[in-house]
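Please open the model in a viewer and follow the selections below in order. Each stop names what to select and then states what is found there.

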Amino acid sequence: MAKTIKKKNMSVRYYTKPKDYIYMAFVHILCAVSVICILIPLIYVVAASFSSPKALLSGRVFLVPVDFTLRGYKMLLKHELLVTGFCNSLLYTVVGTVINLVMTVLAAYPLSRKDLAIRNPVMLLFTFTMLFNGGMIPTYILIKNLGMLDTIWALVIPTSISVWNLIITRTYFQSTIPGEVQESASVDGCDDFTFLIKIAIPLAKPILAVNVLLYAVGHWNSYFNEMMYLSTNTKFPLQLVLREILVNMGTAGMTLDVTKQLEMQETKYLLQYSSIIVGSVPVMLLYPFVQKYFVKGIMVGAIKG
């Protein structure tokens, strides 16, 4: 499709056929449209969170805040459980991600070894759980019988391994660590656990970064399991606290007169956008630190192996 000229340690890429230019123009247009489709909703949410409630209800907000205000954020920050919910989410995310990472590596590495005789049957059992599970009620009964209700363990133990992440991690180990390296280490007296800690894991930084991002985002955004298994509001994560704020805001206005109900509805509308920003910022801050590993890890780990 294209030729490359190397001159003075520089590569100049050019295209020789009209269809090459048409193809690249199509790619650039498609990328531009995709970026626009993603950025416009994000910019709108940010603009709406800084706009007045009346401007939101009247539909005057698009990409720029109208009647700039911090009212939504001030109301959220005044809530007594917001800081507690943020700390709980941070705790659940860190503990859950560490458990996820350890369990995924300990399962993926042995399954990537060709000398493990039962790796195919075990992998089949893991894959089976992607299609079938016990269901919500049996899972709740199991968590209750194990005595994990209203504890952090109900949130991090049942979801300790994502089979999809296990598959891409296993494939990454197979693609990047040749069997000859394992044989050489074995000849030098290196056992399997030492090889995993000192050789395999350092070589797997990109896929580990991918796992950290995927697991951390999942734990941070999770609220349904927390809503089922937690009953003490001081243990609620940030997402559940934000939900409670919005629900209470809606029920509190039912006993007020029409004017007050309208004001309450306007405030609730503003809080929805402010809550989205408050809940999304930590994940946005995490992404730049793992972005350089993300593309490499997800592409290599996704290769069929």
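Begin by selecting Val-35, Ile-36, Ile-38, Leu-39, Ile-40, Leu-42, Ile-43, Phe-62, Leu-63, Val-64 and Met-284, which together make a nonpolar surface patch of about 970 Å² in this predicted model.

Remain in the loop between H2 and H3 and select Asp-67. Its phi is positive, about 55°, although the residue is not a glycine. Most residues other than glycine have a negative phi. Asp-67 counts as partly exposed because its relative accessibility is 47%, a value between the limits of 20% and 50%.

Next, select Asp-150, in the loop between H6 and helix H7 (153–156). This residue, also not a glycine, has a positive phi of about 60°. Is Asp-150 buried or exposed? With a relative accessible area of 15%, Asp-150 is buried, since the cut-off is under 20%.

Finally, display the largest pocket, whose volume is about 680 Å³. Its lining comprises 27 residues, and those closest to the centre are Asn-133, Thr-139, Pro-158, Thr-159 and Ile-161. Helices H5 (119–131), H6 (136–145) and H12 (224–229) each supply at least two lining residues, and H6 gives the most, with 5. Colouring the lining by residue class separates 18 nonpolar from 9 polar residues, with no charged ones.

Terms used
Residues are numbered from 1 along each chain as its sequence is written. This is a predicted model: local features need pLDDT of at least 70, side-chain atom pairs count only at pLDDT 80 or more; totals for chains, interfaces and linings use all residues. Side-chain values use heavy atoms; hydrogens and water are left out. On a 1 Å grid over the protein atoms alone, a cavity is a set of points where a 1.4 Å probe fits but cannot get out, and a pocket is an open set with protein on both sides within 12 Å along at least five of seven lines; lining residues have an atom within 4 Å of a point. Grid points are joined across faces, edges and corners, and a volume is the space filled by probe spheres set on the points. Helices (H or I, at least four residues) and strands (E, at least two) are DSSP runs, numbered from the N terminus. Ala, Val, Leu, Ile, Met, Phe, Trp, Tyr, Cys and Pro count as nonpolar, Asp, Glu, Lys and Arg as charged, and the others, Gly among them, as polar. Patches are made of residues with over 30% relative accessible area and no salt bridge: like charges are joined within 9 Å, nonpolar side chains (Val, Leu, Ile, Met, Phe, Trp, Tyr) within 5 Å. Accessible areas come from the Shrake-Rupley method with a 1.4 Å probe; for residues, only the protein chains shown count as cover. A salt bridge is a side-chain nitrogen of Lys or Arg within 4 Å of a carboxyl oxygen of Asp or Glu. Buried means under 20% relative accessible area, exposed over 50%, partly exposed in between (1.4 Å probe, protein chains only).
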